[in-house]
Amino acid sequence: MPLPDPTTEQGRAGLAALCADPAGAVVALDFDGTLAPIVPDPAQARAHPGAAPALRRLLRRIDSVAIITGRPAGLAVEYGGLAGLDRLVVLGGYGRQRWEAGRLSEPEPPAGVAEARAALPAVLSEAGAPEGTWIEDKGQAVAVHTRRAAEPERAFALLRGPLVALAERTGLAVEPGRLVIELRPPGIDKGTALRRYLAERGARSVLFGGDDLGDVPAFTELARLREQGLPGLAVCSGSAEVTELTRLADVVVDGPAGVVALLEGYADAIGA
Ligand SMILES: O=P(O)(O)OC[C@H]1O[C@H](O[C@H]2O[C@H](CO)[C@@H](O)[C@H](O)[C@H]2O)[C@H](O)[C@@H](O)[C@@H]1O
């Protein structure tokens, strides 16, 4: 499978470095919308069937793979079919949790998560949340989904203000995503998680792929690291739903199937 031609000079340099020195390369990827197609029920989301095999191939030659996700780390491992992969780290909850070799570590959630959880039903009711609005309790965070409402974008817009106000009251961060608004502990984002992981590995190049607003800090961090001399490639898993990321990426592919094709192309290029 041929590799795409990045649209930027820095992207071409990043891809060249990833191919020339795979032993120093880290592949870091978001989960939902990047490895797993978007579906109405988050519990039904599963990685594209080619994702784990492509990552397994790459891990024969590259340094490591990091999945950096808003999901609880263990769920990403399960839904991704990723449990058997060596040198795989899953940084869940936007980097608060770490799963590695079957072991999960995470700090206790701040008290604000329990406060928000308790207040949410009344907040949604007072805001007139339409039928189909759904709360995902992630333990470390709570997320309100509107994808299953009759008018999902309208429900999202209706609930955003009250949820921002609830986040302010409870000391939580607001994380808007694809028809979801999450209230989560502040203090870390995917950019920080990516920077720390690359430093830990002593990475000599990086590929980051994402699809949603929660991935913007990682794209921004990748751009900063490139300015500091670390070659990198920014890949957008494109969708009609989120268009803001295309300007941050060197390569835009067609959703998770496009991401898997790119990973296979990279594996071919490095003889993995
Ligand atoms: O950081 P990610 O791995 O991209 O996780 C972000 C959120 O993804 C999930 O929600 C999204 O995917 C669902 C399943 O396809 C979809 O139904 C929903 O509309 C999307 O927003 C997940 O449920 C959230 O907890 C994650 O934070």
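Cys-236 has a relative accessibility of 0%, and therefore counts as buried in this model, which is a predicted one. Cys-19, by contrast, has a relative accessibility of 25% and so counts as partly exposed.

**Cysteines**

- When the whole structure is searched for disulfides, the number found is zero.
- Cys-19 takes part in no disulfide, and the cysteine sulfur nearest to its own, which belongs to Cys-236, lies 20 Å away.

**Domains**

- The domain assignment divides the protein into domain 1, which is made up of 9–107 + 188–269, and domain 2, which covers 111–184.
- Between the C-alpha centres of domain 1 and domain 2 there is a distance of 26 Å.
- To the contact between them, domain 1 brings 23 residues, while domain 2 brings 14 residues.

**Area buried between the domains**

- Domain 1 and domain 2 bury about 1,400 Å² between them, and carbon and sulfur atoms give 48% of this area.
- On the side of domain 1, the residues that lose the most area to domain 2 are Pro-42, Tyr-94 and Glu-241, which together account for 30% of what that side buries.

**Polar and charged contacts**

- Four salt bridges are counted between domain 1 and domain 2.
- Glu-241, already named among the residues of domain 1 that lose the most area, forms a salt bridge with Arg-147, in which the closest N and O atoms are 2.9 Å apart.
- Sorted by class, the side of domain 1 that touches domain 2 consists of 10 nonpolar, five polar and eight charged residues.

Definitions and conventions: Residues are numbered from 1 along each chain as its sequence is written. This is a predicted model: local features need pLDDT of at least 70, side-chain atom pairs count only at pLDDT 80 or more; totals for chains, interfaces and linings use all residues. Side-chain values use heavy atoms; hydrogens and water are left out. Domain bounds come from an automatic or database domain assignment. Contact means heavy atoms within 4.5 Å. Buried area is the accessible area (1.4 Å probe) that two parts lose on being put together, summed over both. A salt bridge is a side-chain nitrogen of Lys or Arg within 4 Å of a carboxyl oxygen of Asp or Glu. Ala, Val, Leu, Ile, Met, Phe, Trp, Tyr, Cys and Pro count as nonpolar, Asp, Glu, Lys and Arg as charged, and the others, Gly among them, as polar. A disulfide is a pair of cysteine sulfur atoms within 2.5 Å. Buried means under 20% relative accessible area, exposed over 50%, partly exposed in between (1.4 Å probe, protein chains only).
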